[in-house]
Amino acid sequence: MILNSIQHTARHQHQCAGCGLTVHSGERYVRAQVPDGGRAAKAAFHSNCYTRLAASANNTK
Ligand SMILES: [Zn+2]
């Protein structure tokens with residue numbers, strides 16, 4: 001998976017939708033839809049959390 005296009009540097013704190021912990025400002029994070037959720041709104045994730053969620057969502061195929 002290519003994360004570069006959806007990866008950003010946080011300019012302020014976000015809450016990770018994967019683990020619920022804080023994404024600190026200055027940290028790289030992913031802004032994307034929840035991979036396996038019905039939520040249309042985009043959410044912030046740690047890069048690792050997003051990768052893990054996306055991988056588990058793809059495991060069902
Ligand atoms: Zn996280």
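Two residues count as being in contact here if their C-beta atoms, placed from the backbone, lie within 7 Å. Keep that in mind as you look at this predicted model. Helix α1, made of residues 47-58, lies across β1, β4 and β5. Its direction is at about 110° to β5.

So what is the helix lying across? The three strands make up an open sheet in the order β1-β4-β5, and the pairing is antiparallel. β1 and β5 sit at the edges, each pairing on one side only. From one strand to the next, the twist averages 40°. As a bit of background, strands of a sheet pair through backbone hydrogen bonds, either parallel or antiparallel.

Here are the strands with their residues:

| Strand | Residues |
|---|---|
| β1 | 7-9 |
| β4 | 28-33 |
| β5 | 42-46 |

Zoom in on β1 and β4: these two pair in the antiparallel sense over 3 bridges.

Now hop over to H46, which belongs to strand β5. Is H46 buried or exposed? H46 is buried, because 21 other C-beta atoms lie within 10 Å, and the cut-off for calling a residue buried is 20 or more. Leaving out residues up to four places away in sequence, H46 touches C16, G18, C19, V23 and Y29. There's also H14 to look for: H14 and H46 are 32 residues apart along the chain, yet their C-alpha atoms are separated by 9.5 Å.

How values were computed. Residues are numbered from 1 along each chain as its sequence is written. This is a predicted model: local features need pLDDT of at least 70, side-chain atom pairs count only at pLDDT 80 or more; totals for chains, interfaces and linings use all residues. Two strands pair if DSSP finds at least two bridges between them. Helices (H or I, at least four residues) and strands (E, at least two) are DSSP runs, numbered from the N terminus. Axes are lines fitted to C-alpha atoms, for helices over the stretch in contact, and angles run from 0 to 180 degrees between N-to-C directions. A residue is buried if 20 or more other C-beta atoms lie within 10 Å of its own, exposed if 12 or fewer, and partly exposed in between; C-beta atoms are placed from the backbone.
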